[in-house]
Amino acid sequence: MNEPIIELKHIKNYLGNSWVHNDLNLSVTRGEILAIVGGSGAGKSTLLRTMLMLQTPTAGTIKVFGQEITPNSTTALHYLHQHSGVLFQHNALFSSFTLLENVAFPLKEHTQLTQQTINQLALLKILAAGLTVEDANKYPAELSGGMQKRAALARAIALDPELLFLDEPTAGLDPQSAAAFDELVLNLQKTLELTIVMVTHDIDTLWQVTNRVAFLGEGRVLAIAPIAELVTINNPLLQAYFTGPRGRAIEKIYSGKKN
Amino acid sequence: MTKKLLEMNNQTDVQQLICQGSWTLANLNQLKKDYDQINWNNLKTIAIDGNAIYKMDTSGAWILQKILKQLNQQQTKFNLAHFHNEHLLLLKMIAAQETHLKEIPQPKRFNWLHRLGQRSYDQLQFIQAFLAFIGELSLIALRVIRNPRAIRWRLLLNIIETSGYQALPIIALLSFMIGVVLTYQMGLQLRTYGANIFIVDLLGFSVFREFGPLLTAIIIAGRTGSAFAAQIGTMVLNEEVDALRTLGIAPAELLVLPKLFGLIIVMPLLSMWANLFGLLGGMLMAKGMLGVTFYDFFERFAQVVSARSLWIGLIKTPIFALLIASIGCFQGMQVSGGADSVGRHTTRSVVQITFCIIITDALFSILFTRLGL
Ligand SMILES: Nc1ncnc2c1ncn2[C@@H]1O[C@H](COP(=O)(O)OP(=O)(O)OP(=O)(O)O)[C@@H](O)[C@H]1O
Ligand SMILES: [Mg+2]
């Protein structure tokens with residue numbers, strides 16, 4: 001249980017004339033839900049892109065599934081991309097496919113199932129993500145913002161990947177759907193033993209579903225701990241993030257509940 | 001042979017359905033095969049044993065749910081034994097989702113009459129939209145011309161650079177080659193009559209009146225018209241055009257007008273440039289193939305080719321510029337939906353521009369003949 005599924009060592013990223021990451025170390029344990037938080041522009045999305053090797057780090061090593069990945073390690077990369085699902089911050093749905101085709105696409109590419117089976121499985125994912133069968137034939141442009149987010153989630157979990165990367169999955173969702181999302185993530189972890197790395201600004205999600213939270217700032221992981229511990233750490237950046245009026249109100253609710 | 005994932009055990013007093021191994025997506029085909037091999041009829045009660053399933057994902061749970069549903073339908077009694085907790089939980093999740101599963105609504109199919117009507121209506125809509133676009137553009141153009149300070153000079157200069165200056169090499173090269181080819185083909189005929197020097201007349205007229213302007217227009221259509229359509233189309237998808245509207249700026253003013261004015265300025269100049277290189281190519285070829293010296297060439301050229309031919313060619317070019325900019329931008333504005341729409345409208349812009357240019361050129365030919373020019 002305690003082996004790391006992702007290991008980042010001494011990651012540096014130089015983008016647009018500044019260091020986005022400067023000597024960043026992070027390891028993700030198999031089976032956990034890890035959240036990455038930090039202010040806007042702290043480099044959270046960039047970190048996810050680096051883990052997926054969509055962007056080569058300026059320096060540092062990345063190990064995923066026990067194998068080091070570099071732009072040239074094609075087999076390791078192939079394995080990674082087949083066994084992980086990604087929800088991008090801006091959804092990245094295929095605009096010329098319908099919702100059903102979007103979700104069915106990974107299944108079609110990576111399995112030898114009949115079209116009918118693929119469609120059934122894809123529909124199950126669509127339902128799991130909180131959309132309805134009536135939406136299946138719509139194109140991304142015909143879906144609302146929140147629906148697009150859910151469609152992207154459905155595509156990310158289409159293959160039941162071992163490793164799930166979610167970039168702001170609840171942004172733009174109504175509170176009820178966000179709660180449903182939390183439940184879905186917990187269920188996925190419990191039933192499929194997924195490892196989930198997510199970037200989120202949703203403090204409710206942080207308290208509800210995460211096992212650990214990594215706080216990104218100054219190009220490094222400033223702290224990594226379960227959320228209840230993290231909010232007590234005495235660091236001006238963390239304090240500023242969590243003890244704003246919103247953070248405090250929510251903290252009260254949850255820490256009250258746990259006692 | 002691999003171990004079966006699903007097997008019926010008839011040895012015990014109660015029939016037992018044994019589920020084992022990895023019930024995952026990778027094994028789904030195998031699982032379905034095993035499922036089909038089992039005789040599901042005449043079952044009274046069965047025990048389903050899931051102890052030996054060591055991994056199950058949603059697709060495995062889906063198959064299990066299918067089995068349970070079938071057993072329910074044929075009123076077989078069953079109980080689930082020794083399943084792992086998380087697998088039962090997954091099964092519950094899938095079962096809950098399955099109740100919402102139904103046939104995907106099929107899009108309606110229409111008969112040919114309906115489709116014909118739809119197509120005609122779409123065409124009419126398209127013409128109407130184009131007219132509206134031209135109308136809006138004209139109004140804005142008139143407003144801007146009366147108040148030259150409203151012209152966006154930076155954008156205009158930018159267009160002149162990217163669509164004009166940067167196109168110089170390709171236009172030079174292609175017109176030079178056309179000049180060479182024309183001379184070669186006409187030279188073959190002229191040589192048999194010994195009328196070598198007449199190459200100057202033919203070349204001068206054809207390049208000035210037709211080839212220079214037409215070639216330029218077609219290169220610019222492919223190079224710039226398509227770029228206009230793709231750029232504006234992507235902006236439409238990105239809601240940038242809507243953002244402009246909400247900021248109180250007419251998209252046509254910011255996005256279309258500078259392109260239009262820029263091309264109108266650039267096209268005659270580029271045509272002149274094309275003329276020059278077309279003649280140069282022809283001249284070199286005339287010397288090499290037909291033995292017409294440069295001196296002879298220039299002397300004859302000055303005698304027979306009048307400035308009027310040049311003007312007749314150049315006068316067409318602003319019209320071509322108008323066609324390229326307006327159709328390119330209009331097709332960009334028509335983009336909707338997704339990325340393939342950008343592709344479709346970009347293609348359409350080039351096809352329509354080329355079509356319109358050639359038609360216009362033909363009309364000009366008729367007009368000039370009527371006028372006796
Ligand atoms: N392609 C790029 N070129 C230049 N700079 C970039 C690029 N991508 C990201 N950056 C910079 O890297 C920093 C981190 O960006 P990133 O998108 O990772 O932020 P983020 O933490 O995900 O923020 P948010 O919470 O707003 O999504 C920003 O300062 C951004 O300007
Ligand atoms: Mg981001």
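1. Basis of the values. The model is predicted, with local features requiring pLDDT of at least 70 and side-chain atom pairs pLDDT 80 or more, while totals for chains, interfaces and linings use all residues. Residues are numbered from 1 along each chain as its sequence is written, chains are lettered from A and ligands numbered from 1 in the order in which they are written, and side-chain values use heavy atoms, without hydrogens and water.

2. The shell holds 13 residues, of which A:G41, A:G43, A:K44, A:S45 and A:T46 come nearest; a residue is near if one of its heavy atoms lies within 4 Å. By class, the shell has 3 nonpolar, 8 polar and 2 charged residues. Here Ala, Val, Leu, Ile, Met, Phe, Trp, Tyr, Cys and Pro count as nonpolar, Asp, Glu, Lys and Arg as charged, and the others, Gly among them, as polar. Helix α1 of chain A (residues 44-51) provides the largest share, 3 residues; helices (H or I, at least four residues) and strands (E, at least two) are DSSP runs numbered from the N terminus.

3. Oxygen atoms of ligand 1. A polar side-chain atom of A:H201 lies 3.1 Å from an oxygen atom of the ligand. For a polar backbone atom of A:A42 the corresponding distance is 3.3 Å, and for an N or O atom in the side chain of A:E168 it is 3.4 Å. Taken alone, ligand 1 exposes 630 Å², and the protein buries 58% of that (Shrake-Rupley method, 1.4 Å probe).

4. Magnesium site. A:S45 (OG) and A:Q89 (OE1) coordinate the magnesium ion, ligand 2, at 1.9 to 2.2 Å. Donors are N, O and S atoms within 2.8 Å of the metal (3.2 Å for Na, K and Ca), and water is not among the atoms, so sites may look incomplete. Because A:S45 lies in helix α1 and A:Q89 in the loop between β6 (84-87) and α3 (99-110) of chain A, the pair ties together parts 44 residues apart in sequence. A:S45 is partly exposed, at 24% relative accessible area, and A:Q89 is partly exposed, at 28%; buried means under 20%, exposed over 50%, and partly exposed in between (1.4 Å probe, protein chains only).

5. A:D23. This residue lies in strand β2 of chain A (residues 18-29). A:D23 is partly exposed, at 33% relative accessibility. Its C-alpha atom is separated by 27 Å from that of A:E162, 139 residues apart along the chain.

6. Chain B. Its domains are domain 1 (6-103) and domain 2 (121-371), with bounds from an automatic or database domain assignment. Taken over C-alpha atoms, their centres are separated by 69 Å.

Key: Polar contact = N/O pair within 3.5 Å; in protein donor to acceptor, adjacent residues only side chain to side chain.
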